[in-house]
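Subject: Structure handover

Hello,

Here is the structure I promised to pass on. Please open it first, then read my notes beside it.

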Amino acid sequence: MDALGLLSLRYVRLSVPLTILLLLIYFLSVQLPDVPLYGCNENGKHCNEKNKPVEKHPGIENNQVNLEIKPEKTDHFFEHIRHCEGKDFQISRLVSAFESCVTVNNEILLKEYLSGWSELVRFMNSLGTVFSFISYETTKKMKILRDYQSGPHAIEYHTLQSMVKYELKNHIVNFHEPPSDETPSGCRTLLRLHRALKWLELFLFKLANSHDNEKTSDLCIDTYQYALARYHNWFVRQAAVVAFLAMPEKRELFEIVCVKDKDEAKLVLTRTVHYLSKVYNITQKVYEKHHMLDLP
């Protein structure tokens, strides 16, 4: 190969990671869950991508995951979920937290909910540094909620339902774009986590039911575009797609969730999604009831 060819090849090898790095730097400079589509205009009016039709996924109806799991498979599931020595992320802790955060009255306990999110942050961190931007934003929002839980009105932040009731009654929820120097309400903050939970829920669901030839990066991009992309501007969406190309392969993901093979992964992940989905669906109904699904 001549000198010009070698120079071109070297340029390509250097330009690709540099492009990804620049996109990620921009990505880190914005707040993922907080970027509305105010810059989108159509015929002189604001356009809203949330009204666009979205792809239908197997097992998803009305933006909810509905999984039929036979009772006899439940015990079988716990035989396969195990503690992974030396791993920061433990799927057993994730399942336990989201299972225990739902009361018999279908209330969401915020302390347990945030414990579940702590484990999801560990999961995202285990996917590589490319996901650090999501972990960073998620941790910031968890801190806001925990500050409310330890504040003067801590008792009002015991459950999702009590938080919603208290903040609406005391006009804490801002239904318009809040000032940048204002601490977001608990309802607004949790809504961002709620949206991200749908993305992770769908990703694990599709991973559990994926074919051997399906790439994890494609699954991640697909579920991101379905669940989260509508809340981000064009540049952030493109940066996200580039970032997700660095997703670990299935073999590595199976090691992260501590399963031996595809069959065991399907059993463990499907049951995990069941608990995430239950929490998501209860939360969705609460926000829908109070017309807060589109808080800016």
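Start with one pair of side chains. Lys198 and Glu201 form a salt bridge, with their closest N and O atoms 3.1 Å apart. A salt bridge here is a side-chain nitrogen of Lys or Arg within 4 Å of a carboxyl oxygen of Asp or Glu. The two residues sit 3 residues apart in helix 7 (residues 186-208), so about one helical turn separates them. Helices (H or I, at least four residues) and strands (E, at least two) are DSSP runs, numbered from the N terminus.

Is this pair buried or exposed? Lys198 is buried, at 1% relative accessible area. Glu201 is buried too, at 0%. Buried means under 20% relative accessible area, exposed means over 50%, and partly exposed lies in between (1.4 Å probe, protein chains only).

Before you go further, a word on the source. This is a predicted model, where local features need pLDDT of at least 70, side-chain atom pairs count only at pLDDT 80 or more, and totals for chains, interfaces and linings use all residues. Residues are numbered from 1 along each chain as its sequence is written, and side-chain values use heavy atoms, with hydrogens and water left out.

The overall picture

The protein chain has 11 helices and 4 strands. Of its 296 residues, 48% are buried. Contact means heavy atoms within 4.5 Å. Take the contacts in the chain with a separation of 6 or more: residues 24 or more positions apart account for 75% of them.

More salt bridges

Side chains of opposite charge can pair when their charged atoms come close. How many salt bridges does the structure hold? The count is 10.

Look at Glu119 next. Its salt bridge with Arg93 has the closest N and O atoms 2.9 Å apart. This pair links distant parts of the chain: Glu119 is in helix 4 (residues 110-126), Arg93 is in helix 3 (residues 91-100), and they are 26 residues apart. Glu119 also meets Arg122 in a salt bridge, at 2.6 Å from N to O. Glu119 and Arg122 are 3 residues apart in helix 4, so they are separated by about one helical turn.

Glu119 counts as buried because its relative accessibility is 2%. Arg93 is partly exposed, at 37%. Arg122 is partly exposed as well, at 28%. Asp88, Arg93, Glu119 and Arg122 are linked in a network of salt bridges.

Cysteines

How many disulfides are there? The count is 0. A disulfide is a pair of cysteine sulfur atoms within 2.5 Å. Two cysteines to look at are Cys187 and Cys220. Cys187 is buried, at 0% relative accessibility. Cys220 is buried, with a relative accessible area of 1%.

A cavity

On a 1 Å grid over the protein atoms alone, a cavity is a set of points where a 1.4 Å probe fits but cannot get out; lining residues have an atom within 4 Å of a point. Grid points are joined across faces, edges and corners, and a volume is the space filled by probe spheres set on the points. There are 2 cavities of 30 Å³ or more.

A buried valine

Val279 lies in helix 11 (residues 262-289). Val279 counts as buried, at 0% relative accessibility. Leave aside its neighbours within four places in sequence, and Val279 is in contact with Phe98, Cys101, Val102, Ile108, Tyr113 and Leu197. Val279 and Ile108 are 171 residues apart along the chain, with their C-alpha atoms separated by 7.3 Å.

Two positive phi angles

Asn106 is not a glycine, yet its phi is positive, near 60 degrees. Asn106 lies in the loop between helix 3 and helix 4 and is partly exposed, at 41%. His291 is not a glycine either, and has a positive phi of about 55 degrees. His291 is in the segment after helix 11 and is exposed, with a relative accessible area of 67%.

Best wishes

Conventions
1 Å grid on protein atoms, 1.4 Å probe; cavity = no way out; pocket = protein on both sides within 12 Å on 5 of 7 lines; lining within 4 Å.
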